[in-house]
Amino acid sequence: MIRFHDACGTTGKTVAARLLPDTDLIEGIEEVCKKNNIKHAYVTCFGSFKKCGYMNLVPKEDAKVGAGYGNVLQKDGPVEFLNGTGVVCQNNNAYDTHFHATMCDTSGNVFGGHIVKGYTPTLTTVDLIIFEIKDIEMLRVYDEETDLTQFLPE
């Protein structure tokens, strides 16, 4: 079985930016988008964090799909931010960025997950490229089937 929901848009502006020390990753991405009048986007980036807050999927017997995000995991830094990708969406006319990252600690142990807004300040830099997506709406809305907030391109 193959099921999906899609929408076809176009790319607009490309913005290159550097998040300076102590800037939260998600809040920084959203502010760069706001300054450049970007409502929807795809983001790719890397850099370093003072610490990070992220979540991973965990089994949940009471969840409709048998899993859900667990508690916020916090890793003290310095943290090497190897790669991150995400989508800048809207939810009730406000930014709602869904972002995942791969990172490693000072021992080289690699870990990753869903980055939590407000928990992940930049250490030295986050270098990012933002690709504006136009002619479609990229929303994050409650999905009854999964009982989670999900990506909905329209």
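The legends below describe several close-up views of a predicted model.

**View 1. Tyr54 and Phe111 form a tilted aromatic pair.**
A search of the whole structure finds four aromatic pairs, and one of them is made by Tyr54 and Phe111. A pair of aromatic rings is described by the distance of the centres and the angle of the planes. In this view the ring centres of Tyr54 and Phe111 are 5.3 Å apart and their planes stand at 35°, so the pair is classed as tilted. Because Tyr54 belongs to strand β2 (residues 41-55) and Phe111 to strand β7 (residues 110-115), the pair ties together parts that are 57 residues apart in sequence. Tyr54 is buried, its relative accessible area being 8%, and Phe111, at 13% relative accessibility, counts as buried too.

**View 2. Lys75 takes part in a ring contact and in a salt bridge.**
Lys75 lies over the face of Phe111, at a distance of 4.8 Å from the ring centre. The side chain of Lys75 also meets that of Asp105 in a salt bridge, with 3.7 Å from N to O. This pair links distant parts of the chain, since Lys75 sits in strand β5 (residues 73-91) and Asp105 in the loop between β6 (94-104) and β7, 30 residues apart. Lys75 counts as partly exposed at 26% relative accessibility, whereas Asp105 is buried, with a relative accessible area of 16%.

**View 3. Phe49, Phe81 and Phe99 form an aromatic cluster.**
The three phenylalanine residues shown here, Phe49, Phe81 and Phe99, belong to one aromatic cluster.

**View 4. Asp22 and Lys50 are joined by a salt bridge.**
The structure holds six salt bridges, and in the one shown here the closest N and O atoms of Asp22 and Lys50 are 2.4 Å apart. The pair links distant parts of the chain, with Asp22 in the loop between β1 (10-19) and α1 (25-35) and Lys50 in strand β2, 28 residues apart. Asp22 is partly exposed, with a relative accessible area of 48%, and Lys50 is likewise partly exposed, with a value of 38%.

**View 5. Glu30 meets Lys117 in a salt bridge.**
The side chains of Lys117 and Glu30 come together in a salt bridge, with 2.6 Å from N to O. Lys117 lies in the loop between β7 and β8 (122-134) and Glu30 in helix α1, so the pair ties together parts that are 87 residues apart in sequence. Lys117 is partly exposed, with a relative accessible area of 41%, whereas Glu30 is buried, with a relative accessible area of 6%. If residues up to four places away in sequence are not counted, Glu30 touches Tyr95, Asp96, Thr97 and Lys117. Glu144 stands 114 residues from Glu30 along the chain, and the C-alpha atoms of these two residues are separated by 27 Å.

**View 6. His98 makes a polar contact with His114.**
His98 lies in strand β6, and its side chain makes a polar contact of 3.3 Å with the side chain of His114. Leaving aside neighbours within four places in sequence, His98 is in contact with Tyr69, Thr85, Gly86, Val87, His114 and Arg140.

Note on methods. Residues numbered from 1 in each chain as written. Predicted model: local features only at pLDDT ≥ 70, side-chain atom pairs only at ≥ 80, totals over all residues. Heavy atoms only, no water. Phe/Tyr/Trp six-rings, centres within 6.5 Å; stacked < 30°, edge-to-face > 60°. Helix = DSSP H or I, 4+ residues; strand = E, 2+ residues; numbered from the N terminus. Buried < 20%, exposed > 50% of the residue type's maximum accessible area, 1.4 Å probe, protein only. Lys NZ or Arg CZ within 6 Å of the ring centre and 35° of its normal. Salt bridge = Lys/Arg side-chain N within 4 Å of Asp/Glu carboxyl O. Polar contact = N/O pair within 3.5 Å; in protein donor to acceptor, adjacent residues only side chain to side chain. Contact = heavy atoms within 4.5 Å.
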